[in-house]
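Hi,

Here is the structure I promised to pass on to you.

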Amino acid sequence: MSYKYKGLIEEYKSYLPVSEKTPVVSLLEGKTPLIEAKNLASKIGLKNCKLYLKYDGLNPTGSFKDRGMTMAVSKAVEDGAKAIICASTGNTSASAAAYAAKSGLKCYVLIPDGYIAMGKLSQAMMYGACIIAIDGNFDEALEMVLDISKNYPIKLVNSLNPYRIEGQKTASFEIIEDLGDAPDYHFIPVGNAGNITAYFKGFSEWYELKKSTKIPKMMGYEALGAAAIVKGERILKPETIATAIRIGNPASWEKAENARDKSNGTIDCVTDDEIINAYKMIAQNEGIFCEPSSAASVAGLIKANNMGLVQENTIITCTLTGNGLKDPDNAIKYGVSQVHKTKCDINEIVKNMGI
Ligand SMILES: *Cc1c(COP(=O)(O)O)cnc(C)c1O
């Protein structure tokens, strides 16, 4: 009998809080590739390490948020919900809107006006969500939706919803399956800190079940202008080019610290310049186009390696959380190459080719 992939809930249902009654809402998320990045490893100067990129930007709506959303929306439907709501820097809104469209739920999204990448906004508009852009940041939007979800019959689908974390932990299962064991280090961007929490949960659960021999050191990276956990204080006006992690009061703050401490890992921060540098290096050396926020994981690896935190002969994984097509404006602004405009004339064209 041939094997047909039916999405991550079907794939991992014995590890997830679902039952035969759960009406699974899936866009066939998950099963994203773990791509070995030899060129990048050598550019970074890793010593005899194997480096793999978990390209979660290849999920149905272009980010890892789909892993959590298939769970959150399936459980919302199971609970009889008619509507869902989220605050979002963009990807959560795109994902929530898509799964709401698939399941027939009404979807409300609150976004910080002017701080959301065009690709993400266009998705929420196409899937037909009710989009409310506030003159505040993500943290303020999250406070609002928490309040609304308490007072109206609307389910919150931010990562405070525990089913989101459950769905997202499956990325760790896939990594263990692909490598045959857990890696030594896992690097990941940190915004609201749900994903680092989820990866740690996934790695821990399969370690307990003896499906791996270790739990990787969890290496989380915030953006310098939004580094609340690193600085130990809420950032009232977070600023970074990496809008998906432009968050000053991470909802899963303590859980992220727990993941760091229990795994002997690190939570540190990287500058916007380091993020842009990694963003370009990933595309130029590996042919993988991620969004700027995703590159915080690789920027973190470069920083950790320069600080001597990465041991020789180890296995390293980095999550690339979102697809580069989400944010064409930054790609065009920081592009590795530029466009040469010429007349439609062979001599002019060849001259511009530099040959
Ligand atoms: C949501 C998101 C993050 C941050 O994940 P958290 O769970 O909020 O820490 C990072 N990168 C991208 C592309 C995202 O969409």
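To get your bearings, in which loop does Leu28 lie? Leu28 belongs to the loop between helix H1 (8-11) and strand S1 (34-36), where helices (H or I, at least four residues) and strands (E, at least two) are DSSP runs, numbered from the N terminus.

Two notes before the rest. This is a predicted model, in which local features need pLDDT of at least 70 and side-chain atom pairs count only at pLDDT 80 or more, while totals for chains, interfaces and linings use all residues. Residues are numbered from 1 along each chain as its sequence is written, and side-chain values use heavy atoms, with hydrogens and water left out.

Back to Leu28: this residue is partly exposed, at a relative accessible area of 48%. For such labels, buried means under 20% relative accessible area, exposed over 50%, and partly exposed in between (1.4 Å probe, protein chains only). Between the C-alpha atoms of Leu28 and Asn59 there are 8.2 Å, although the two are 31 residues apart along the chain.

**The cavity**

Searching the whole structure gives one cavity of 30 Å³ or more. A cavity here is a set of points, on a 1 Å grid over the protein atoms alone, where a 1.4 Å probe fits but cannot get out; lining residues have an atom within 4 Å of a point. Grid points are joined across faces, edges and corners, and the volume is the space filled by probe spheres set on the points. By that count the largest cavity holds about 290 Å³.

Its lining has 28 residues, and those nearest the centre are Phe64, Lys65, Gly191, Asn192 and Ala244. Nine of the lining residues are nonpolar, 16 are polar and three are charged. In this scheme Ala, Val, Leu, Ile, Met, Phe, Trp, Tyr, Cys and Pro count as nonpolar, Asp, Glu, Lys and Arg as charged, and the others, Gly among them, as polar.

Which helices supply at least two residues each to this lining? They are helix H4 (91-103), helix H7 (162-168) and helix H9 (194-208). Domain 1 (8-62 + 166-334) and domain 2 (65-163) each contribute at least three residues to the lining; the domain bounds come from an automatic or database domain assignment.

S7 pairs in the parallel sense with strand S8 (residues 217-223) over five bridges, and two strands pair if DSSP finds at least two bridges between them. His186 sits opposite Met218 in S8. Together S7, H9 and S8 make a right-handed β-α-β unit; right-handed means that, with the strands pointing away from the viewer, the path from the first strand over the helix to the second runs clockwise.

S7 also runs parallel to strand S10 (residues 315-320), joined by three bridges. There His186 has Thr317 as its bridge partner, and Tyr185 stands opposite Ile316. Five of the six residues of S10 are buried. Strand S2 (residues 50-55) is parallel to S10 too, with six bridges, and Lys50 faces Ile315.

**A second sheet to look at**

Four strands make an open sheet with parallel pairing, in the order S5-S4-S3-S6. Strand S5 (130-134) and strand S6 (155-156) are the edges, each pairing on one side only. Strand S3 (residues 83-87) and S6 are joined by two bridges, with Ile84 partnered by Lys155.

**Backbone points worth a check on screen**

Ala193, in the loop between S7 and H9, has a positive phi near 75° though it is not glycine, and at 4% relative accessibility it is buried. Lys210, in the loop between H9 and S8, also has a positive phi, near 60°. Is Lys210 buried or exposed? Lys210 is exposed, with a relative accessible area of 74%.

Lastly, nine of the eleven residues of helix H13 (residues 296-306) are buried, including Val298, Leu301 and Ile302. Gly308, which follows H13, has a positive phi near 75°.

Best wishes

Methods
On a 1 Å grid over the protein atoms alone, a cavity is a set of points where a 1.4 Å probe fits but cannot get out, and a pocket is an open set with protein on both sides within 12 Å along at least five of seven lines; lining residues have an atom within 4 Å of a point.
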